[in-house]
Amino acid sequence: MVSKTVRLEVSTRGPKDVVDLTAQVAEAVRASGANEGMVHLFALGSTCALTTIELEAGLLEDFGKALDRLVPPRGNYAHALSGGDDNAASHIWSSVMGPSLAVPFEDGRLVLGTWQQIVLVELDVRPRRREVRLQVHPLA
Ligand code: ZN
């Protein structure tokens, strides 16, 4: 079977915005007609990330605070001094979380935990338009 690439465009509202992509990914899998395999997502950009999370308001607040403890947004970062933007923490969070995600599907449906949603996390210091490439890889 042929891999199908789907291009998702996502508008984010700013730092730590978490955008649920689950329905769009599920629809891409359904539309591919594939029964069993893996769907791979890749986010373009070095200041955003893909992951899964439970979309619960308290948890999202905790998640943002935890990122700030892991890599404080303000600090003496070389990225700002060497002519980059003042968003070193954004880049580091992005690299730690990663730009891609692979999710299996069976019977044409995503295999996810009950509260597990597929999300793009905006990590830059301002709202952005993001692109995600999604490829459905059916098992041969
Ligand atoms: Zn930068």
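Keep in mind that the model is predicted.

Let's start with the fold. The protein has four helices and eight strands. Their order along the sequence is β-β-α-β-β-α-α-α-β-β-β-β. Taken along the principal axes, the C-alpha atoms fill a box of roughly 50 × 30 × 20 Å.

Now the contacts. How much of the protein is buried? Of the 140 residues, 36% are buried. The exposed surface comes to about 7900 Å². Carbon and sulfur atoms supply 53% of that area.

You'll find Leu21 in the loop between β2 and α1, and α1 covers 22-32. Its relative accessibility is 0%, so Leu21 counts as buried. What does Leu21 touch? Leaving out residues up to four places away in sequence, the partners are Val10, Leu41, Leu50, Ile118, Val119, Leu120 and Val132. For a sense of distance, go from Leu21 to Leu139. That is 118 residues in sequence, and 23 Å in space, C-alpha to C-alpha.

Next, a helix. Helix α2 runs over residues 57-70.

On to the zinc ion. Which protein atoms are its donors? They are NE2 of His79, OD1 of Asn87 and NE2 of His91. These donors lie 2.1 to 2.2 Å from the zinc ion. The spacing in sequence is H-x7-N-x3-H.

Two of those residues fall on either side of a cut-off. Buried means under 20% relative accessible area. Asn87 has 4%, so Asn87 is buried. His91 has 22%, so His91 is partly exposed.

Thr47 sits in the loop between β3 (37-43) and β4 (48-53). Is Thr47 buried or exposed? At 3% relative accessibility, Thr47 counts as buried. Setting aside residues up to four places away in sequence, Thr47 touches both Asn87 and His91.

Arg130 forms a salt bridge with Glu122, and the closest N and O atoms are 2.7 Å apart. Both partners are below the cut-off for buried. Arg130 has 3% relative accessibility, so Arg130 counts as buried. Glu122 has 0%, so Glu122 is buried too.

That brings us to salt bridges in general. How many does the structure hold? The structure holds eleven salt bridges. Let me take two more.

First up, Glu9 and Arg129. Their closest N and O atoms are 2.9 Å apart. The pair links distant parts of the chain, 120 residues apart. Glu9 is in strand β1, residues 4-11, while Arg129 is in strand β8, residues 129-138. What about exposure? Glu9 has 45% relative accessibility, so Glu9 counts as partly exposed. Arg129 has 56%, so Arg129 is exposed. These two residues also belong to a network. Salt bridges link Arg7, Glu9, Arg129, Glu131 and Arg133.

Then Lys16 and Asp68. This salt bridge has its closest N and O atoms 2.7 Å apart. Again the pair links distant parts of the chain, here 52 residues apart. Lys16 is in the loop between β1 and β2, and Asp68 is in helix α2. At 24% relative accessible area, Lys16 is partly exposed. At 29%, Asp68 is partly exposed as well.

To recap. The zinc ion takes its protein donors from His79, Asn87 and His91. Arg130 and Glu122 form a salt bridge. Glu9 and Arg129 link strands β1 and β8. Happy to take questions.

Definitions and conventions
Residues numbered from 1 in each chain as written. Predicted model: local features only at pLDDT ≥ 70, side-chain atom pairs only at ≥ 80, totals over all residues. Heavy atoms only, no water. Expected span 1.5 Å × (residues − 1). Donors = N, O, S within 2.8 Å, 3.2 Å for Na, K, Ca; no water. Buried < 20%, exposed > 50% of the residue type's maximum accessible area, 1.4 Å probe, protein only. Contact = heavy atoms within 4.5 Å. Salt bridge = Lys/Arg side-chain N within 4 Å of Asp/Glu carboxyl O. Areas by Shrake-Rupley, 256 points an atom, 1.4 Å probe, with all protein chains shown as cover.
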